[in-house]
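Work through the exercises below with the sequence and the coordinates open. Each task is followed by a solution in steps.

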Protein chains: 2
Amino acid sequence: MIPAPLGRLVAQLAKLPGIGEKTAQRLAFHILRSPREYAQELSQALLETVERVRLCTRCFALSDDELCGFCRDQRRDDGVLCVVEGIADLMAIERTREFRGRYHVLHGVLSPLDGVGPDQLRIKELLSRLGDGKVEEVILATNPDVEGEATALYLTRLLKPFGLTVSRIAQGVPIGGDLEFADQATLARALSARREL
Amino acid sequence: MIPAPLGRLVAQLAKLPGIGEKTAQRLAFHILRSPREYAQELSQALLETVERVRLCTRCFALSDDELCGFCRDQRRDDGVLCVVEGIADLMAIERTREFRGRYHVLHGVLSPLDGVGPDQLRIKELLSRLGDGKVEEVILATNPDVEGEATALYLTRLLKPFGLTVSRIAQGVPIGGDLEFADQATLARALSARREL
């Protein structure tokens, strides 16, 4: 009984992660109540995004050009390369405003059970970026979980022969956290990786 | 640093109710990872919805034609008219599969503080539907809150002179609920509106 175009809109919205049938319907009603320009602009943004956004040919971050903004930015430090699993991780690091070097996005982690080996990741491309000798340090910023650790370990062995510094982001108790509620593994790591003051 | 089209997509998605900046980014990444057809179909559904979906000229439910599916359906009972505040309420009633009459959508409730009087609602149109004498009962299914009650009361006074049955959806403890946790007002209503068995 729901008009066909609205039914299709609800069905498409319900395919988004975390959005069920009822939420999709609520969103669709909201869109219908909004000025018509909103749907037109959202529609346009969707098309432009999938048509124009692709992967940077150097670091594999998102870009609307051959090279992404991070690779094009001349003020960033060519000497430090931060390796991340995915775009969302890159964004999280960028939000800290702590890092002014370059990035390299693996687009995954080693996960033999899921059939992801080194060839499925952008590792070959990472190695070829080290050829010009500009990079002095590679920061491994994969997630602090089993696959992320395994990937970092694998990359460390691969990168060491290049004679550059290979580092891993620090693991320990999170800022503002409470020792009482920290999990065992994190607290144990915080102790073993303690720093002299 | 985020590619411009993606930035616009995130901004547009973040305008949806209940979707913040981070969720919008997550949705945008999901859309980018999905087959391109998904964005195209969603984009198309958005445009078609705002271009083709309008209000039924009789009951003011959503429709892609002069009359909506509820008004066109010849198997529905012309004798009973269910008056609701909005489309979402109509959908909720329809999901029960309990009601096979016609609908009338007010598109709001009386709310003097918000400047909504009878002229802002589809009340004139409701009265004109009663002219042909087919309707025998009007069910007032506005929300069981202050504005909904006030609107139901106002409509009752308006409809009584037509000599038809005017009814109000039952109020009481919800099915599956627990008396211990029912609020006072609901429980008091459940007592005063008790039914003889």
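**Exercise 1: a buried arginine**

At 3% relative accessibility, A:Arg76 counts as buried. The model is a predicted one.

Task: locate A:Arg76 in the chain and list what surrounds A:Arg76.

Solution. 
- Step 1. A:Arg76 sits in the loop that connects H4 and E3 of chain A.
- Step 2. The cut-off for buried is under 20% relative accessible area, so at 3% A:Arg76 qualifies.
- Step 3. A polar atom of the A:Arg76 side chain lies 2.7 Å from the backbone oxygen of A:Gly101.
- Step 4. With neighbours within four places in sequence set aside, the contacts of A:Arg76 include A:Phe70, A:Glu94, A:Phe99, A:Tyr103 and, from the other chain, B:Met1.

**Exercise 2: strand E3 of chain A**

Task: which strands pair with E3(A), and in what sense?

Solution. 
- Step 1. Check the covering: 6 of the 8 residues of E3(A) are buried.
- Step 2. E3(A) pairs with E4(A) in the parallel sense, over 5 bridges. In this pairing A:Val84 stands opposite A:Val105 of E4(A).
- Step 3. E3(A) also pairs in the parallel sense with strand E5 (residues 137-140) of chain A, over 4 bridges. Here A:Val80 has A:Glu137 as its bridge partner.
- Step 4. Together, E3(A), H5(A) and E4(A) form a right-handed β-α-β unit.

**Exercise 3: the helix of that unit**

Task: find the buried residues of helix H5 (residues 87-95) of chain A and say why they line one face.

Solution. 
- Step 1. The buried residues of H5(A) are A:Ile87, A:Leu90, A:Met91 and A:Glu94.
- Step 2. Viewed down the axis of H5(A), these buried residues fall within an arc of 100°, so they line one face of the helix.
- Step 3. In chain A, the buried residues of H5(A) pack against strand E2 (62-63), helix H4 (69-72), strand E3 (77-84) and strand E4 (101-105). In chain B they pack against helix H2 (21-33).
- Step 4. After H5(A) comes A:Arg97, with a positive phi near 60°.

**Exercise 4: a positive phi in each chain**

Task: where is Phe60 found in chain A and in chain B, and is each residue buried or exposed?

Solution. 
- Step 1. A:Phe60 is not a glycine, yet its phi is positive, about 70°. For B:Phe60, phi is near 70°.
- Step 2. A:Phe60 lies in the loop between strand E1 (54-55) and E2 of chain A, and B:Phe60 in the loop between strand E1 (54-55) and strand E2 (62-63) of chain B.
- Step 3. A:Phe60 counts as buried at 8% relative accessibility, and B:Phe60 is buried with a relative accessible area of 7%.

**Exercise 5: the nonpolar core**

Task: which residues have the most contacts inside the largest nonpolar core, and what does B:Ile31 touch?

Solution. 
- Step 1. The largest nonpolar core has 74 residues. Those with the most contacts inside it are A:Leu13, A:Ile31, B:Leu13 and B:Ile31.
- Step 2. Leaving aside neighbours within four places in sequence, B:Ile31 contacts A:Leu16, A:Leu46 and A:Val50 in chain A, along with B:Leu9, B:Leu13, B:Tyr38 and B:Ala39 in chain B.

Conventions: Residues are numbered from 1 along each chain as its sequence is written. Chains are lettered from A and ligands numbered from 1 in the order in which they are written. This is a predicted model: local features need pLDDT of at least 70, side-chain atom pairs count only at pLDDT 80 or more; totals for chains, interfaces and linings use all residues. Side-chain values use heavy atoms; hydrogens and water are left out. Buried means under 20% relative accessible area, exposed over 50%, partly exposed in between (1.4 Å probe, protein chains only). Helices (H or I, at least four residues) and strands (E, at least two) are DSSP runs, numbered from the N terminus. The arc is that of the directions from the helix axis to the C-beta atoms. Contact means heavy atoms within 4.5 Å. A nonpolar core is a set of buried Ala, Val, Leu, Ile, Met, Phe, Trp, Tyr and Cys residues joined through side-chain atoms within 4.5 Å. A polar contact is a pair of N or O atoms within 3.5 Å; within protein, one must be able to donate a hydrogen and the other to accept it, and residues adjacent in sequence count only if both atoms are side-chain atoms. Two strands pair if DSSP finds at least two bridges between them. A crossover is right-handed if, with the strands pointing away from the viewer, the path from the first strand over the helix to the second runs clockwise.
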